[in-house]
Amino acid sequence: MSKKVHVKVGDTVYVRTGKDKAAKGKVRAVFPKTNRVLVEGVNMVTKHHKPTMQFQSGGIAEQEAPISASNVMLICEHCNRPSKTGRKFQDNGDKVRYCKACGEVIDVIKEAKKG
Ligand SMILES: [Zn+2]
């Protein structure tokens with residue numbers, strides 16, 4: 001089984017450490033094998049591109065590089081704080097992610113079996 005990353009694409013996260021400490025951004029990609037995430041506007045690195053027909057002098061472009069998933073925390077949309085998340089089952093059998101700070105359900109991981 002692959003490791004579970006505690007955030008997923010589309011989550012808004014808070015960066016806890018590193019050069020972009022305290023930055024916030026949306027998760028653009030998750031890499032479960034390496035437990036890394038790509039966060040919008042975080043950990044920008046400069047990439048040099050070879051000259052092309054369009055850009056004959058080549059070019060320098062900035063893009064995000066993945067950071068460790070353990071360095072980010074989900075920002076809870078209910079209490080608007082970087083929060084630890086937990087997983088639990090609801091009465092109807094849905095498995096959900098919830099915010100440990102305010103207790104609100106963040107999203108459904110797995111829907112209850114019907115019937
Ligand atoms: Zn919360």
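**From a buried aspartate to the zinc site**

Tutor: The model is a predicted one. D11 has a relative accessibility of 8%, so D11 counts as buried.

Student: Where is D11 found?

Tutor: D11 sits in the segment before β1 (12-15).

Student: And with which side chain does the side chain of D11 make a polar contact?

Tutor: The partner is the side chain of R97, at 3.1 Å. Beyond its neighbours within four places in sequence, D11 is in contact with G25, K26, V27, L74 and R97.

Student: Let us move to the strands. What is the order in the open sheet of three strands?

Tutor: The order is β9-β10-β11, and the pairing is antiparallel. β9 (85-89) and β11 are the edge strands; each has a single partner strand, so one side of each is left without a neighbour in the sheet. On average, neighbouring strands of this sheet are turned by 30° against each other, direction ignored.

Student: How many residues of β10 are buried?

Tutor: Four of the five residues of β10 are buried, so β10 is largely enclosed by the rest of the structure.

Student: How many bridges does β10 have with β9? And how many join β10 to β11?

Tutor: β9 and β10 pair over five bridges, with F89 standing opposite K95 in β10. Four bridges join β10 to β11, where V96 has V108 of β11 as its bridge partner.

Student: What about the turns, which residues there have a positive phi?

Tutor: In the hairpin of β9 and β10, which has five residues between the strands, G93 in the turn has a positive phi of about 95°. The hairpin of β10 and β11 also has five residues between its strands, and G103 in that turn has a positive phi of about 85°.

Student: Changing topic: which protein donors does the zinc ion have?

Tutor: The donors are the SG atoms of C76, C79, C99 and C102, lying 2.3 Å from the zinc ion. Their spacing in sequence is C-x2-C-x19-C-x2-C. C79 lies in the loop between β7 (72-75) and β8 (82-83), and C102 in the loop between β10 (95-99) and β11 (105-110), so this pair ties together parts that are 23 residues apart in sequence.

Student: Why is the arrangement tetrahedral?

Tutor: The four donor atoms subtend angles of 105 to 117° around the zinc ion, which makes the arrangement tetrahedral.

Definitions and conventions:
Residues numbered from 1 in each chain as written. Predicted model: local features only at pLDDT ≥ 70, side-chain atom pairs only at ≥ 80, totals over all residues. Heavy atoms only, no water. Donors = N, O, S within 2.8 Å, 3.2 Å for Na, K, Ca; no water. Tetrahedral: all angles 85-135°; square planar, octahedral: opposite > 155°, others 65-115°. Helix = DSSP H or I, 4+ residues; strand = E, 2+ residues; numbered from the N terminus. Pairing = 2+ DSSP bridges. Axes fitted to C-alpha atoms, helices over the stretch in contact; angles between N-to-C directions. Buried < 20%, exposed > 50% of the residue type's maximum accessible area, 1.4 Å probe, protein only. Polar contact = N/O pair within 3.5 Å; in protein donor to acceptor, adjacent residues only side chain to side chain. Contact = heavy atoms within 4.5 Å.
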